[in-house]
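Q: Could you walk me through this one, starting with a helix and what packs around it?

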Amino acid sequence: MNKQPPINTITDADIRKLVVARLRLLSRNRKISIGSSGEYSVDELIDRVQNNDSIGKKIVEIQLQYLQSLKEGVLLGE
Amino acid sequence: MLITRPNHDITTNYLFYWSTLLIEQAKKSGKVVTDLNQKRANAKEFASVVKKTRPAMIVLNGHGDHSTVTGYDNEPLVTKNDNPEILAGTVVFARACQSALELGEEAVKRGCKAYIGYNDDFVFVTEDGKETHPLQDSTAKLFIEPSNHVVISLLKGHSPSEANSRSRAMCLKTIQKLMSSSASQDDSELVPNLAWNYAHQVCLEK
């Protein structure tokens with residue numbers, strides 16, 4: 001019986017690294033307002049994602065939803 | 001039209017200023033506008049004005065969560081477990097986080113004609129140095145103008161679901177523009193946040 005190759009899985013830490021890499025592309029003279037939580041600079045967002053707190057998790061969710069919508073083509077038109 | 005516009009922090013101050021465009025448009029359309037701005041965006045005045053004027057449309061700007069929309073200093077104005085019936089007979093646009101999730105659902109059950117809002121956080125991006133001049137913030141405009149379009153569409157006579165669709169279509173058009181090769185790298189990185197609002201803006205009706 002052939003041995004199956006190992007399945008590569010992406011971990012939450014990998015995803016956070018991906019999101020941080022995307023956040024580093026953001027302009028440094030901008031802030032993101034997220035609900036009643038306040039406004040966050042890019043550096044603050046990166047810290048939050050790395051610390052995996054509630055704001056960091058929300059940013060990850062926003063980025064993952066975007067990547068999913070690209071995959072599904074929902075932003076191409078209605 | 002009744003509009004609440006607290007301005008006790010940077011986020012609400014942006015919505016405060018961008019809502020002036022809605023008030024101007026409503027007045028141009030011949031609507032009577034009750035403007036509960038700044039500290040007037042409190043629970044007592046809100047309840048009193050709704051009772052007295054029976055507005056056809058209520059625009060709520062503020063913070064929120066799944067069951068609440070707040071006014072000045074985050075005082076709850078409408079809460080799922082307290083006074084959702086205050087929205088009965090009205091069309092509501094709530095520019096606040098998450099409130100469509102439970103408050104909107106309950107308000108519609110209690111007779112609200114339509115509740116347009118967000119079933120997760122409403123997100124926008126601002127430019128440094130524009131905090132005191134929000135209307136000059138061209139980055140914030142990309143986010144707030146499509147949401148303003150809900151009210152503009154309602155004022156033009158569109159139904160709530162049409163107004164929501166037109167607003168989302170404007171958001172999508174902005175997204176597509178920023179995804180095109182003509183957009184700068186800085187601007188194209190705004191797309192995930194715009195796509196978030198696009199996905200989470202909903203119109204609830206019976």
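Q: Which residues of helix α4 of chain B are buried?
A: In helix α4 (residues 100-109) of chain B, the buried residues are A100(B), L103(B), G104(B), E106(B), A107(B) and V108(B). Buried here means under 20% relative accessible area, exposed means over 50%, and partly exposed is in between, with a 1.4 Å probe and protein chains only. Helices (H or I, at least four residues) and strands (E, at least two) are DSSP runs numbered from the N terminus. This is a predicted model, in which local features need pLDDT of at least 70, side-chain atom pairs count only at pLDDT 80 or more, and totals for chains, interfaces and linings use all residues. Residues are numbered from 1 along each chain as its sequence is written, chains are lettered from A and ligands numbered from 1 in the order in which they are written, and side-chain values use heavy atoms, with hydrogens and water left out.

Q: What covers those buried residues?
A: The cover includes four strands of chain B, namely β5 (68-70), β6 (76-79), β8 (114-118) and β10 (201-205), where contact means heavy atoms within 4.5 Å.

Q: And what follows the helix?
A: α4(B) is followed by G111(B), which has a positive phi, near 110°.

Q: What does E106(B) pair with?
A: E106(B) forms a salt bridge with R110(B), and their closest N and O atoms are 3.0 Å apart; a salt bridge is a side-chain nitrogen of Lys or Arg within 4 Å of a carboxyl oxygen of Asp or Glu. E106(B) counts as buried at 15% relative accessibility, whereas R110(B), at 42%, counts as partly exposed.

Q: How many salt bridges are there over all chains?
A: A search of the whole structure finds 12.

Q: Which chains does the R30(A) salt bridge with D187(B) join, and where do the partners sit?
A: R30(A) and D187(B) have their closest N and O atoms 2.6 Å apart, and the pair crosses between chains, from strand β1 (residues 30-34) of chain A to helix α7 (residues 185-188) of chain B. R30(A) is buried, with a relative accessible area of 12%, while D187(B) counts as partly exposed at 22%.

Q: What about D35(B), what is its partner?
A: D35(B) forms a salt bridge with R5(B), again with the closest N and O atoms 2.6 Å apart. D35(B) lies in strand β2 (residues 34-37) and R5(B) in strand β1 (residues 2-5) of chain B, so the pair ties together parts that are 30 residues apart in sequence. D35(B) is buried at 17% relative accessible area, and R5(B) is buried at 5%.

Q: Switching to R16(A), where is it, and what does it touch?
A: R16(A) is found in helix α1 (residues 12-23) of chain A. Leaving aside residues up to four places away in sequence, R16(A) touches V49(A), Q50(A), N52(A) and V60(A).

Q: How is chain A laid out?
A: Chain A follows the pattern α-β-β-α-α along the sequence, and 38% of its 78 residues count as buried.
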